[in-house]
Every structure is written in structure tokens, then in C-alpha cells.
Amino acid sequence: MSTEPPSPESQRRRQCAAATAAAAAACFAPVVVLLAVLVLAPSRAAATAAAAAACFAPVVVLLAVLVLAPSLLPRLLLRPHHAVPYVASAELRVMSFDASASVLKYNLSAVLRFDGGPPAPGLRSSRRFTGFRAAPFYAGQELGAAVALPELAGATVPVAWAGVQRVAPGRGARAVASALARERARGFISVKVAVRAAQGGGEESDFACVLSFPVPHKREGSGAVPGVFDGGSCADAVRGEF
């Protein structure tokens with residue numbers, strides 16, 4: 001059964017909560033460290049160590065936040081009304097690897113939504129997407145050419161990819177074969193769709209949409225039954241896929 005993905009407003013609230021927690025930790029960390037050291041070892045050396053820890057604690061907390069969530073601060077400070085696309089639905093009909101020929105055969109389709117969700121109460125509408133490029137990847141291999149649409153005519157866009165992808169023999173082929181065998185045994189095949197979307201004002205944003213499909217199977221007398229992905233939100237991604 002399909003479930004409605006989290007709205008952009010809900011995601012922004014979570015990010016604001018995370019940023020607030022990080023800021024609070026940075027503010028209170030020196031006090032906590034100072035009190036703990038003074039209570040446990042009230043000596044001159046301990047006081048010196050406490051003072052040094054109190055000075056460096058905010059730096060450590062700040063570095064941890066920047067390393068663990070590199071896209072959080074830019075999104076909050078530079079793109080407060082940043083909209084995120086999501087996948088309404090998707091189907092995987094074929095995903096197989098021929099080791100002898102070192103080719104990956106694929107056939108999948110998806111419906112992408114670029115409406116950005118409704119605006120939060122009291123705020124103006126988020127900027128809308130004006131165009132996009134999208135390409136699927138499996139085990140590090142790009143599956144065919146990216147679908148490009150310079151201008152969006154609507155918020156919902158169907159996309160599809162089908163064909164064969166040559167995989168370089170060696171490490172790449174072993175990675176694909178291993179990933180496919182492991183996921184088939186688990187019962188689900190995960191495909192990442194990289195999306196680069198343009199918004200008003202010339203801004204471009206990269207997203208990663210992870211689609212998890214039940215393994216397609218053949219039903220007697222009715223042909224292949226595709227694996228269906230019920231939908232989900234995409235996430236910010238670091239540039240580099242395209």
C-alpha cells in the first residue's frame with residue numbers, strides 16, 4: 001500500500017531541530033566539561049585541563065556537525081525554502097547480469113514529482129522546479145543516458161530507462177555480480193536515481209532517490225511480474241554524478 005512521503009516542511013522541521021540541538025550542545029559543552037573536571041579532580045592541573053577543554057569543546061562540536069551533516073547548514077542558512085522532489089511510484093521489470101558478456105540488462109520506470117509540496121503556514125510558496133536531468137545507477141554503474149527535460153510542463157513527470165549497459169571486466173563486473181546476487185537473496189533490488197533539478201533564479205540542486213524493488217519474477221501464463229516501489233522522498237546529494 002502506498003504511503004505519502006514526508007513533506008518538505010516536515011523535513012525542514014527535523015533539520016531545524018537537529019541544528020538547534022547542535023547549537024545547544026556547542027553552548028553548553030564548555031560548562032559541562034568544566035563542572036565535570038572541577039568536581040572529579042579539583043586541583044590546579046585539573047582546572048587548567050578544564051579550561052583548555054572548555055575552549056576546544058565548541059570547536060569539536062562544530063567540526064562534528066560539519067562532518068556528519070555537511071548539507072544541513074547550507075540548507076538552513078542559504079535555502080530555507082528548499083524544495084525536495086520525490087518518487088510517486090516506480091516499477092522494475094528487468095535487472096540481470098550476464099557475466100560471460102559482462103553486460104547489465106535493465107528495464108525500469110518511475111514517476112517523479114517536482115511540486116515541492118504545499119507552503120508552510122504563514123510562508124510564501126516555495127520556489128518551483130523549472131527543469132531536471134535524471135539517471136539511474138546500480139552498483140556504481142550508470143544505466144544508459146540521463147533523461148533531460150529543460151522545461152517542466154507539470155509537477156508529475158514519468159521517466160523510463162531500458163537497455164543493456166556494458167560493464168568493464170574486473171572489479172566493476174565483480175561488484176555488479178556480487179551486489180545483484182546479494183540483493184536477490186535478500187528479496188529486494190535497490191536502484192539509485194540521481195536527479196539534478198533547476199529552480200527559479202538559476203539555482204541547481206542534486207538529489208539521490210533510492211528505489212527499493214521486490215525482485216521481479218515470472219508468473220506462469222502471465223509473463224513477468226514487475227517489482228513495484230510505492231514511493232518515497234529523495235535526499236540532497238553531493239554534486240558529481242553528472
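This is a predicted model: local features need pLDDT of at least 70, side-chain atom pairs count only at pLDDT 80 or more; totals for chains, interfaces and linings use all residues.
**Notebook: salt bridges, a disulfide and a core**

Residues are numbered from 1 along each chain as its sequence is written, and side-chain values use heavy atoms, with hydrogens and water left out.

**Entry: the salt bridges**

How many salt bridges does the structure hold? I found three, taking a salt bridge as a side-chain nitrogen of Lys or Arg within 4 Å of a carboxyl oxygen of Asp or Glu.

R196 and D206 make one of them, with their closest N and O atoms 2.8 Å apart. R196 sits in strand 7 and D206 in strand 8, so this pair ties together parts that are ten residues apart in sequence. For helices I use DSSP runs of H or I with at least four residues, and for strands runs of E with at least two, numbered from the N terminus.

Next I looked at E183 and R186, whose side chains meet in a salt bridge at 3.5 Å, N to O. Both are in helix 4, and because they are three residues apart, about one helical turn separates them. Is E183 buried or exposed? E183 counts as buried at 9% relative accessibility, whereas R186 counts as exposed at 53%.

Then I checked E91, which forms a salt bridge with R93, the closest N and O atoms being 2.8 Å apart. E91 is partly exposed, with a relative accessible area of 28%, and R93 is partly exposed too, at 36%.

**Entry: the disulfide**

I counted one disulfide, meaning a pair of cysteine sulfur atoms within 2.5 Å. Which residues does the disulfide join? It joins C209 to C234, with S to S at 2.0 Å. C209 is in strand 8 and C234 is in the loop between strand 12 (232–233) and strand 13 (235–236), so I wrote the pair down as a link between distant parts of the chain, 25 residues apart. The torsion about the S-S bond is about 100°, so the disulfide is right-handed. Both C209 and C234 are buried.

**Entry: the core**

The largest nonpolar core has 38 residues. I take such a core as a set of buried Ala, Val, Leu, Ile, Met, Phe, Trp, Tyr and Cys residues joined through side-chain atoms within 4.5 Å. Elements giving two or more residues to this core include strand 1 (86–98), strand 3, helix 4 (171–186) and strand 8 (204–214). V87, F114 and Y138 are among the residues with the most contacts inside it.

**Entry: A139**

Where is A139? I found A139 in the loop between strand 3 (129–138) and strand 4 (141–142). A139 is partly exposed, with a relative accessible area of 34%. Beyond its neighbours within four places in sequence, A139 is in contact with A175, V176 and A179.

**Entry: the whole chain**

I logged four helices and 13 strands. Of the 242 residues, 36% count as buried.

Note on methods: Buried means under 20% relative accessible area, exposed over 50%, partly exposed in between (1.4 Å probe, protein chains only). Contact means heavy atoms within 4.5 Å.
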